[in-house]
Amino acid sequence: MKKVGVFVATVLLAACGFQPLYVQRTVNDGWYNKEQFDMSISKEMAQIKISSIKDRFGQLLRNELLDLLTPRGVPQNSKYRLDVVLEDKIVTQQAMRDDVTATNERIEYRVDYKLFQGADQLINGNSIAFVSYDILQNPYSTTMAQKKAEKDAAKIIANDIALRIGAYFHTKMSGIK
């Protein structure tokens, strides 16, 4: 019964126009199972130099972007440059106790990013991440929860930026308008 469900899901995905983002077909017969892929999108994304981003959050974000965009290391002769700026960090205290101290903090991170090829700006955009953590009685636990929330926000934003850059290269290289 599971095989039938997988088959039906595959047929439905094929019918809706699903395409992998980071690879392209080299043979246009409608199937991806012949192991003939054009990896030029991934190779193009690996040529992005990620500029330094200020503060600790910027360092976490840059490290996540390096892992996603250039997994084989920083390119020697980069073709593109990605500039990312932390625009805003809004901390909101929530869930107040009787003594008016918060038990939870919600943090909103907003970043702007621009992708350049030489002096030409190819894309720009912004990304937002919302994270929260509990404020506990133990200060160490609260600090560790805060650091984890910051790292999670960096991962969310890096995934969003990498996905948007991948979509840009997919559109550019496949000729979609």
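The following dialogue goes through some terms used for this predicted model and the values behind them.

Student: What is the make-up of the chain in helices and strands?

Tutor: The chain has 4 helices and 6 strands. Along the sequence their order is α-β-β-α-β-α-β-β-β-α. Of its 177 residues, 29% count as buried.

Student: Why is glutamate 44 called buried?

Tutor: Its relative accessibility is 10%. Buried means under 20%, so glutamate 44 at 10% counts as buried.

Student: What makes glutamate 44 and lysine 79 a salt bridge?

Tutor: Their side chains meet with N and O at 2.7 Å. The limit is a Lys or Arg side-chain nitrogen within 4 Å of an Asp or Glu carboxyl oxygen, so the pair qualifies at 2.7 Å. The two residues belong to distant parts of the chain, 35 residues apart. Glutamate 44 is in helix H2 (residues 40–45), and lysine 79 is in the loop between helix H3 (55–69) and strand E4 (80–96).

Student: Is lysine 79 buried, partly exposed or exposed, and why?

Tutor: Lysine 79 has a relative accessible area of 36%.

Student: Why is lysine 148 put in one exposure class and aspartate 152 in another?

Tutor: Lysine 148 has 51% relative accessibility. Exposed means over 50%, so lysine 148 counts as exposed. Aspartate 152 has 30%, which falls between the limits of 20% and 50%, so aspartate 152 counts as partly exposed.

Student: What makes aspartate 83 and arginine 81 a salt bridge?

Tutor: Their closest N and O atoms are 3.1 Å apart. With a limit of 4 Å, the pair therefore counts. Aspartate 83 is placed in strand E4.

Student: Why are aspartate 83 and arginine 81 both called partly exposed?

Tutor: Aspartate 83 has a relative accessible area of 22%, and arginine 81 has 31% relative accessibility. Buried requires under 20% and exposed requires over 50%, so aspartate 83 at 22% is partly exposed. Arginine 81 at 31% is also partly exposed.

Student: Which residues form the positive surface patch?

Tutor: They are Arg56, Lys147, Lys151 and Lys155. Helix H4 (residues 139–174) gives the largest share, 3 residues.

Student: Which residues touch the most other members of the largest nonpolar core?

Tutor: Leu61, Leu82 and Ile165 do, in a core of 33 residues. Elements that give two or more residues to this core include H2, H3, E4 and H4. The largest share, 9 residues, comes from H4.

Student: Why is histidine 170 called buried?

Tutor: Histidine 170 has 10% relative accessibility. That is under 20%, so histidine 170 counts as buried. Histidine 170 is in helix H4, and its C-alpha atom is 9.4 Å from that of serine 40, 130 residues away along the chain.

Student: Why is aspartate 55 called exposed?

Tutor: Aspartate 55 has a relative accessible area of 53%. The class needs over 50%, so aspartate 55 is exposed. This residue of helix H3 has a phi near 75°, a positive value in a residue other than glycine.

How values were computed. Residues are numbered from 1 along each chain as its sequence is written. This is a predicted model: local features need pLDDT of at least 70, side-chain atom pairs count only at pLDDT 80 or more; totals for chains, interfaces and linings use all residues. Side-chain values use heavy atoms; hydrogens and water are left out. Patches are made of residues with over 30% relative accessible area and no salt bridge: like charges are joined within 9 Å, nonpolar side chains (Val, Leu, Ile, Met, Phe, Trp, Tyr) within 5 Å. Accessible areas come from the Shrake-Rupley method with a 1.4 Å probe; for residues, only the protein chains shown count as cover. Lys and Arg count as positive and Asp and Glu as negative; His and the chain ends are not counted. The place of a charge is taken as NZ of Lys, CZ of Arg, CG of Asp or CD of Glu. Buried means under 20% relative accessible area, exposed over 50%, partly exposed in between (1.4 Å probe, protein chains only). A nonpolar core is a set of buried Ala, Val, Leu, Ile, Met, Phe, Trp, Tyr and Cys residues joined through side-chain atoms within 4.5 Å.
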